[in-house]
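The following exercises concern one protein chain. Please examine the sequence and the structure before reading the solutions.

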Amino acid sequence: MKRVTGIGGIFFKCKDTEQINQWYKTHLGMDTGPYGVTFEWQSDDESGKKGVTQWSPFAETTKYFEPSARDFMINYRVENLEALVEELKKEGVTILDELATYDYGKFIHILDIEGNKIELWEPCGD
């Protein structure tokens with residue numbers, strides 16, 4: 001079973017999301033908005049298949065990364081999230097929540113062995 005297929009997003013805490021977005025826009029030319037930047041790309045192995053990677057600063061007071069004490073969280077793109085979750089459960093991986101489905105895909109959160117929160121995402125259409 002193929003597991004991670006790419007990075008869906010990089011999320012990090014910062015003191016001021018507006019200032020950090022402006023800094024990246026001014027100095028690195030990133031087209032930032034209220035939720036950061038969405039980078040679009042095209043898969044090498046499937047002509048015409050598009051994907052996105054989200055870059056998002058979060059307020060340093062966010063609780064979204066908990067129970068991890070880290071200032072970052074990585075979102076990984078996966079195939080067949082439901083089957084992957086079943087395998088992870090068998091392997092003893094800590095699953096933090098229930099599978100959530102939105103119009104843009106399915107999500108679940110897990111912890112790695114150092115307590116880093118990881119977001120797994122199966123985009124719609126994958």
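Predicted model: local features only at pLDDT ≥ 70, side-chain atom pairs only at ≥ 80, totals over all residues.

Residues are numbered from 1 along each chain as its sequence is written, and side-chain values use heavy atoms, with hydrogens and water left out.

**Exercise 1. Confidence**

State which strand has the lowest mean pLDDT and which element has the highest.

Solution. Step one is the scale: pLDDT is the predictor's confidence in each residue, from 0 to 100. Step three compares the elements, where helices (H or I, at least four residues) and strands (E, at least two) are DSSP runs numbered from the N terminus.

**Exercise 2. Salt bridges**

Determine how many salt bridges the model contains, and describe the one that Arg-3 forms, the one that Arg-70 forms and the one that Glu-87 forms.

Solution. A salt bridge requires a side-chain nitrogen of Lys or Arg within 4 Å of a carboxyl oxygen of Asp or Glu. By this rule there are five.

- Arg-3 pairs with Glu-91, with the closest N and O atoms 2.8 Å apart. The partners are 88 residues apart and link distant parts of the chain: Arg-3 lies in the segment before strand E1 (4-14), and Glu-91 in the loop between helix H2 (81-90) and E5. Accessibility is classed as buried under 20% relative accessible area, exposed over 50%, and partly exposed in between (1.4 Å probe, protein chains only). Arg-3 is partly exposed at 31%, and Glu-91 is also partly exposed, at 46%.
- Arg-70 pairs with Glu-114, the closest N and O atoms being 3.6 Å apart. This pair also links distant parts of the chain, 44 residues apart: Arg-70 is in the loop between strand E3 (50-59) and strand E4 (72-78), and Glu-114 in the loop between strand E7 (105-111) and strand E8 (117-123). Arg-70 is partly exposed at 37%, whereas Glu-114 is exposed at 59%.
- Glu-87 pairs with Lys-90 at 3.5 Å between the closest N and O atoms. Both lie in helix H2, three residues apart, about one turn of the helix. Glu-87 is partly exposed at 25%; Lys-90 is exposed at 68%.

**Exercise 3. Cysteines**

How many disulfides does the structure hold? Is Cys-14 buried or exposed?

Solution. With a disulfide taken as a pair of cysteine sulfur atoms within 2.5 Å, the count is zero. Cys-14 is buried, at 8% relative accessibility. Cys-124 is partly exposed, at 47%.

**Exercise 4. Distance in sequence and in space**

Locate Gly-33 and give its separation from Val-85 in sequence and in space.

Solution. Gly-33 lies in the loop between helix H1 (17-28) and E2. Its relative accessible area of 24% makes Gly-33 partly exposed. Gly-33 and Val-85 are 52 residues apart in sequence, and their C-alpha atoms are 32 Å apart in space.
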